[in-house]
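Visitor: I have a structure to look at, and I want to know what stands behind the words used for it. Can you take me through it?

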Amino acid sequence: MAFSTIRYMEWAKTREVLPGEIDLAVSNMPTVAETWEELGIDPSEIPPSGPNSYGYEAARRAIADRYDVRPEEVMHTMGASMSNFVFLAAMITPGDRILVERPVYECLSAPVEALGGVVVPLVRREKNGWRIPVEDAREEVRNGAKGIFLSNPHNPSGQFSDDDEILRLADAVGHEPWILVDEIYREWLDNHYRRTIALKRPNLFVTSSLTKVFGLPHLRAGWLIARDDIIRKAYRALDHMAVVQPFMYEWVTAQVMRDDHRLRRFRDDHRSSTVAARAVVDEFLGGPHGNAFSAVMPDEGGFAFWRLRNGDGDRFRDKLQRQGGVGVAPGRYFGTPNGFRISWTGGVERARSGLAAMGRFLDEHWEG
Ligand SMILES: Cc1ncc(COP(=O)(O)O)c(C=O)c1O
């Protein structure tokens with residue numbers, strides 16, 4: 001078992017933002033709470049210790065109530081990443097073939113490999129609107145795949161599969177393989193606010209957190225929703241990593257998660273500016289420079305994956321940063337080097353100036 005470098009993670013944590021660079025690379029909503037007051041918590045009330053041997057009951061209950069499941073079906077972890085890892089650690093036997101979507105946020109595929117699983121790419125194709133290839137999944141499960149791991153909305157394309165599509169996948173592959181859906185971007189979508197696909201079939205499990213849509217990346221409030229027998233297995237796996245999790249953060253999570261009004265406010269803080277920024281992106285794609293890219297745009301959300309029609313997408317992204325002063329996320333970190341993820345969660349002004357700079361770069365520096 002080898003924990004290889006996750007290149008995306010290293011890039012995300014250490015990437016150089018050049019002076020004056022316009023950043024269209026990040027998928028988070030901007031942070032909403034820099035202070036305790038903004039978070040709506042009085043720090044003097046936080047108990048430094050409490051009962052949390054197998055999770056703090058009030059935090060599990062707050063998450064369960066929000067998603068209409070039972071507390072026994074919830075594990076609260078430090079971020080969706082930790083839920084993903086603990087779930088995989090509980091479920092993978094070395095040698096298991098696991099279908100993992102491609103393009104892929106690298107942090108979904110890397111832990112499968114680290115835990116001894118064999119990653120079988122489940123290729124979403126641009127020409128099919130990046131949709132989930134249900135027939136390919138069915139075929140691979142017939143050939144013995146033990147699990148399926150995908151994100152919905154999909155990082156990096158932003159495409160959302162509605163419940164019917166996910167249930168079609170679940171029904172096509174049957175109840176044997178597990179299906180883990182990372183829903184970290186889901187509650188951004190208005191029609192799907194507060195909803196989840198978790199447990200709509202006995203093998204359909206979900207992870208998520210408050211990192212992205214709610215602008216609280218440093219709270220590390222994440223969770224796994226799964227059948228209670230799987231949650232018990234996951235806690236046994238967690239016993240290999242930590243005696244307990246920090247009580248203080250579990251307590252804060254319980255307060256934040258049980259207050260839907262506050263969560264909606266956090267989410268809506270940046271939502272309208274992101275919706276307005278999307279119009280700027282559409283305008284760019286409809287204008288003289290739009291043809292340079294092949295771009296299947298999602299109906300909603302804050303990012304998309306664009307491919308370059310002419311030339312090497314990786315080289316384009318690197319030159320765009322150095323000569324054009326615009327940062328986008330390299331496709332190579334999603335297993336798809338000929339494109340890049342572009343985000344407009346930074347609002348209208350940033351999208352406008354970033355895309356104008358991209359247009360100038362195409363005119364002045366890019367020869368294909
Ligand atoms: C699909 C997906 N899952 C999980 C994460 C990380 O989540 P967290 O900060 O809750 O660990 C990201 C961050 O980019 C992501 O894109």
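**Words and values**

Guide: Start at D318, which lies in helix α11 (residues 313-324). Helices here are DSSP runs of H or I with at least four residues, strands are runs of E with at least two, and both are numbered from the N terminus. This is a predicted model: local features need pLDDT of at least 70, side-chain atom pairs count only at pLDDT 80 or more, and totals for chains, interfaces and linings use all residues. Residues are numbered from 1 along each chain as its sequence is written.

Visitor: Why is D318 called partly exposed?

Guide: Count the other C-beta atoms within 10 Å of its own, with C-beta atoms placed from the backbone: 20 or more means buried, 12 or fewer exposed, and in between partly exposed. D318 has 13, so it is partly exposed.

Visitor: What makes strand β2 (residues 74-78) largely enclosed?

Guide: 4 of its 5 residues are buried, so the rest of the structure largely encloses β2.

Visitor: How do you know that β2 and strand β8 (residues 221-225) pair?

Guide: Two strands pair if DSSP finds at least two bridges between them. β2 and β8 have 5 bridges, so they pair, in the antiparallel sense. T77 stands opposite G222 in β8.

Visitor: How do you know that β12 and strand β13 (residues 339-343) pair?

Guide: They have 2 bridges, and at least two are required, so they pair. The sense is antiparallel. In β13, R341 is the bridge partner of A329.

Visitor: Which sheet holds β12 and β13?

Guide: An open sheet of 4 strands, in the order β9-β10-β13-β12, with antiparallel pairing.

Visitor: Why do β9 (293-295) and β12 (329-330) stand at the edges?

Guide: Each has a single partner strand, so one side of each is left without a neighbour in the sheet.

Visitor: Which domains does the chain have?

Guide: Domain 1 is 12-27 + 263-364, and domain 2 is 42-258. The bounds come from an automatic or database domain assignment.
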